[in-house]
Amino acid sequence: MRRPDAPRWGLAALIVLGALLLSSARVHSLRPDEAWLAWALHYDPTEITGQRWQIDTVGDALRFARDDVAQAWVRLSTAPPPARASGMLLNGWALLAGDSEAALRLPLVWAALVLSALGLRGLWAARWTRRLMALVPLALAGGIGLWLAQPAPDWRGFIAAVAAQRAADQAAFIAWEPHSVIAYYDRRTPIRVGVSVDVGWRDFSPDELADLVARFDDYETIWLLIDGRAELTQALFEGLDADRSLLWTYREQLAGFVAYRFQR
């Protein structure tokens with residue numbers, strides 16, 4: 001027999017669970033798989049129109065939405081069909097809510113709350129078979145909660161710290177993938193500002209790298225902002241370190257990403 005206070009306790013449990021899930025959704029930086037999904041959903045109009053969008057009319061908004069969906073469809077084409085379908089649904093959500101950490105994870109929070117509600121309702125059922133079956137949605141909700149609570153490197157704080165150190169008039173060699181965590185946080189707190197040379201889009205010979213380093217002779221400050229390319233980082237570092245007028249004044253590293261600063 002159902003206890004009279006079961007609905008009240010169930011609602012209280014859902015409120016507490018929702019608060020914990022929302023906190024977990026906000027606190028951690030994105031993980032690589034989430035950053036890839038954020039890239040797939042993030043509309044870059046320069047890939048389609050060659051210029052930034054300016055929405056002045058309803059027609060502009062409709063074309064923006066059309067191109068956003070088309071770009072997401074192409075980027076999600078490498079994902080399995082179920083992931084592609086859920087990604088397109090999430091793309092519609094991102095059009096309205098944005099692609100912040102909390103916005104991307106909010107559908108998972110809702111799913112966990114719905115599963116928890118179903119499970120709690122089953123636990124207070126009269127039949128023991130329904131109580132046993134209630135463990136399935138509760139286990140799924142618990143799995144979502146554990147995934148959201150899983151810690152990740154503090155990319156948000158790391159990129160903010162590098163951005164605070166780098167001025168727009170300082171030169172930089174940069175290299176990272178467009179779907180990486182670095183790219184996601186660079187879109188929010190840009191570290192690719194001012195004069196920057198992308199050395200990650202193809203392989204450069206030692207002579208080409210030496211020529212690129214020489215082209216920065218007139219700059220007082222030169223940065224290396226490179227993700228996961230140890231040989232490239234070493235080659236550029238050695239080229240800059242060989243210049244006796246440059247001093248190595250800043251070094252930060254998180255996972256495979258390094259940020260070096262040289263100053264004259």
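**Close-up 1. R264 and D217 pair up in a salt bridge.** In this predicted model, the closest N and O atoms of R264 and D217 are 3.9 Å apart. The pair ties together distant parts of the chain: R264 sits in the segment after β5, while D217 belongs to the loop between α10 (206-214) and β3, 47 residues apart. R264 is partly exposed, with a relative accessible area of 32%, and D217 is partly exposed too, at 44%.

**Close-up 2. E208 and R202 meet through their side chains in a salt bridge.** The N to O distance is 3.1 Å. E208 is partly exposed, with a relative accessible area of 31%, and R202 is partly exposed at 33%.

**Close-up 3. D68 is a buried charge without a salt bridge.** You'll find D68 in helix α3 (residues 58-75). The nearest side chain of opposite charge is R75, 8.0 Å away, and a salt bridge needs the nitrogen and oxygen within 4 Å. Leaving aside residues up to four places away in sequence, D68 touches L41, Y43, N91 and L95.

**Close-up 4. Five strands line up as an open sheet with mixed pairing.** The order is β2-β1-β3-β5-β4. β2 and β4 stand at the edges with a single partner strand each, so one side of each has no neighbour in the sheet. Ignoring direction, neighbouring strands are turned by 15° against each other on average. Helix α8 (residues 155-165) packs on this sheet, touching β3, β4 and β5, and its direction makes about 165° with that of β4. Helix α11 (residues 230-241) lies across β1, β3, β4 and β5, running at about 170° to β3.

**Close-up 5. Strand β1 (residues 171-175) is covered on both faces.** Five of its five residues are buried. A171, F173 and A175 are on one side, with A172 and I174 on the other. β1 runs parallel to β3 (residues 221-227), joined by five bridges, and parallel to β2 (residues 196-198), joined by three. I174 has partners in both strands: L225 in β3 and D198 in β2. F173, for its part, has V197 as its bridge partner in β2. Together, β1, helix α9 (residues 181-186) and β2 make a right-handed β-α-β unit.

**Close-up 6. Strand β5 (residues 257-263) pairs antiparallel with β3 and with β4 (residues 247-254).** Six of the seven β5 residues are buried, so the strand is largely enclosed by the rest of the structure. Seven bridges join β5 to β3, with D227 standing opposite F257. Another strand pairing, β4 with β5, also has seven bridges; in β5, V258 is the bridge partner of Q253. β4 and β5 form a hairpin with two residues between them, and A255 in the turn has a positive phi of about 55°.

Methods:
Residues are numbered from 1 along each chain as its sequence is written. This is a predicted model: local features need pLDDT of at least 70, side-chain atom pairs count only at pLDDT 80 or more; totals for chains, interfaces and linings use all residues. Side-chain values use heavy atoms; hydrogens and water are left out. Helices (H or I, at least four residues) and strands (E, at least two) are DSSP runs, numbered from the N terminus. Buried means under 20% relative accessible area, exposed over 50%, partly exposed in between (1.4 Å probe, protein chains only). Lys and Arg count as positive and Asp and Glu as negative; His and the chain ends are not counted. Contact means heavy atoms within 4.5 Å. Two strands pair if DSSP finds at least two bridges between them. A crossover is right-handed if, with the strands pointing away from the viewer, the path from the first strand over the helix to the second runs clockwise. Axes are lines fitted to C-alpha atoms, for helices over the stretch in contact, and angles run from 0 to 180 degrees between N-to-C directions.
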